[in-house]
Amino acid sequence: MVLTSIVDPAFESRQLRIFQKMVKGGLIYRHFRPVHWSPSSQTALAEAELQYEMHTSTSAYVGFSVVEESIPEALKSVIGPKKLKLLIWTTTPWTLPTNMVLSAYFHSKNSNTNTTAGYLCPP
């Protein structure tokens, strides 16, 4: 897994250029629609996430190994020679085989969990 930083100016610039192309192509527009809100998670919900009856979704926790060359030097000094994995949680495990990249922001040494297998860092 290749690690890219979400606070990298080049990454942000590429994302804004893509968004600009989407706007110019008419894919982004203003329209009056309801915003569905989850009081328990304090986030907006997509229409596909709305449930009107009790439903249990399959979920999975997965650790992705990080390519050593993509680990920032500051983080390497914290984890030393151990391998780094990013821990993710998903309710769409069938999409895992097509995952190509994870974006992460390492804001605290406390977010790292030292295990016998290496370090797990929630993205």
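Visitor: Which residue does the side chain of Lys76 meet in a salt bridge?
Guide: The partner is Glu73, with an N to O distance of 3.5 Å. A salt bridge here is a side-chain nitrogen of Lys or Arg within 4 Å of a carboxyl oxygen of Asp or Glu. The model is predicted: local features need pLDDT of at least 70, side-chain atom pairs count only at pLDDT 80 or more, and totals for chains, interfaces and linings use all residues. Residues are numbered from 1 along each chain as its sequence is written, and side-chain values use heavy atoms, with hydrogens and water left out.

Visitor: How many salt bridges does the structure hold?
Guide: It holds 1.

Visitor: Where do Lys76 and Glu73 lie?
Guide: Both are in helix H2 (residues 73-79), 3 residues apart, about one turn of the helix. An α-helix has 3.6 residues a turn, so residues three or four places apart point the same way. Helices (H or I, at least four residues) and strands (E, at least two) are DSSP runs, numbered from the N terminus.

Visitor: Is Glu73 buried or exposed?
Guide: Glu73 is exposed, at 59% relative accessibility, while Lys76 is partly exposed at 24%. Buried means under 20% relative accessible area, exposed over 50%, and partly exposed in between, with a 1.4 Å probe and protein chains only.

Visitor: Strands now. Which way do E4 and E5 run?
Guide: Strand E4 (residues 60-65) and E5 are antiparallel, joined by 6 bridges. Two strands pair if DSSP finds at least two bridges between them. Phe64 stands opposite Leu86 in E5.

Visitor: Which residues make the covered face of E5?
Guide: In E5 (residues 84-90) they are Leu84, Leu86, Ile88 and Thr90, while Lys85, Leu87 and Trp89 form the uncovered face.

Visitor: How many helices and strands does the chain have?
Guide: It has 2 helices and 8 strands, in the order β-α-β-β-β-α-β-β-β-β from the N terminus. Of its 123 residues, 19% are buried.
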